[in-house]
Amino acid sequence: MTVRAIVEYPAAVLLSPGDPVVTFDADLETLVRDMFETMYDAGGVGLAAQQIGLALRLFVMDCEGLKLVAANPEILATTGEQGGEEGCLSVGKIHAELKRPERVVLRAQDVKGRLFEREASGLAARCFQHETDHCDGILFIRHLSPVRRDIVMRKFRKIKKDR
Ligand code: NI
């Protein structure tokens with residue numbers, strides 16, 4: 001297993017939709033293992049392939065006891081609303097308040113290509129949405145109000161400068 005380098009905003013790969021995963025083979029299994037390793041190493045609860053520089057619709061997560069691989073993810077349904085903070089390994093782990101639906105149904109394929117549906121609420125539902133957004137080339141900062149986005153960007157620039 002290899003810890004891969006995490007790509008940060010404003011890398012182009014983070015800002016455009018990934019290609020569908022079409023081959024479910026040993027290489028994909030290796031990639032998924034590396035993604036878990038990279039996510040744990042960075043202290044994250046979810047990681048999309050774009051975040052290690054691969055334009056693929058693929059993410060891994062391990063959040064509130066829900067550990068899974070999602071290839072070609074889609075959010076099928078959302079209900080309710082939750083408050084809470086959200087951050088991203090590609091944006092310096094800076095957190096900002098962001099409202100999201102409380103409960104969501106995810107449809108995706110596992111590492112063998114088998115279709116599945118999973119329902120989740122709370123933080124796991126937030127993770128489904130955040131990571132599916134990554135696969136679509138959308139960062140959480142796009143959902144923030146201009147004022148909040150500006151605060152995150154300023155903190156992020158400072159973190160990068162201080163490294
Ligand atoms: Ni993220």
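Which spacing do the donors of the nickel ion follow along the chain? The donors follow the spacing C-x41-H-x3-H, where donors are N, O and S atoms within 2.8 Å of the metal (3.2 Å for Na, K and Ca), and since water is not among the atoms, sites may look incomplete. This is a predicted model, in which local features need pLDDT of at least 70 and side-chain atom pairs count only at pLDDT 80 or more, while totals for chains, interfaces and linings use all residues. Residues are numbered from 1 along each chain as its sequence is written, and side-chain values use heavy atoms, with hydrogens and water left out.

**The nickel site**
- The nickel ion is coordinated by Cys88 (SG), His130 (NE2) and His134 (NE2), at 2.1 to 2.3 Å.
- Cys88, in the loop between β4 and β5, and His130, in helix α2 (residues 122–135), are 42 residues apart and link distant parts of the chain; helices (H or I, at least four residues) and strands (E, at least two) are DSSP runs, numbered from the N terminus.
- Both Cys88 and His130 are buried, a term for under 20% relative accessible area, with exposed being over 50% and partly exposed in between (1.4 Å probe, protein chains only).

**Ser90**
- Ser90 lies in the loop between β4 (85–86) and β5 (96–97), and Ser90 is buried, with a relative accessible area of 0%.
- A polar atom of the Ser90 side chain is 2.7 Å from the backbone oxygen of Val7.

- Strands β6 (residues 103–109) and β7 (residues 115–121) run antiparallel and are joined by seven bridges, and two strands pair if DSSP finds at least two bridges between them.
- Val105 has Glu119 in β7 as its bridge partner.

Notes: A polar contact is a pair of N or O atoms within 3.5 Å; within protein, one must be able to donate a hydrogen and the other to accept it, and residues adjacent in sequence count only if both atoms are side-chain atoms.
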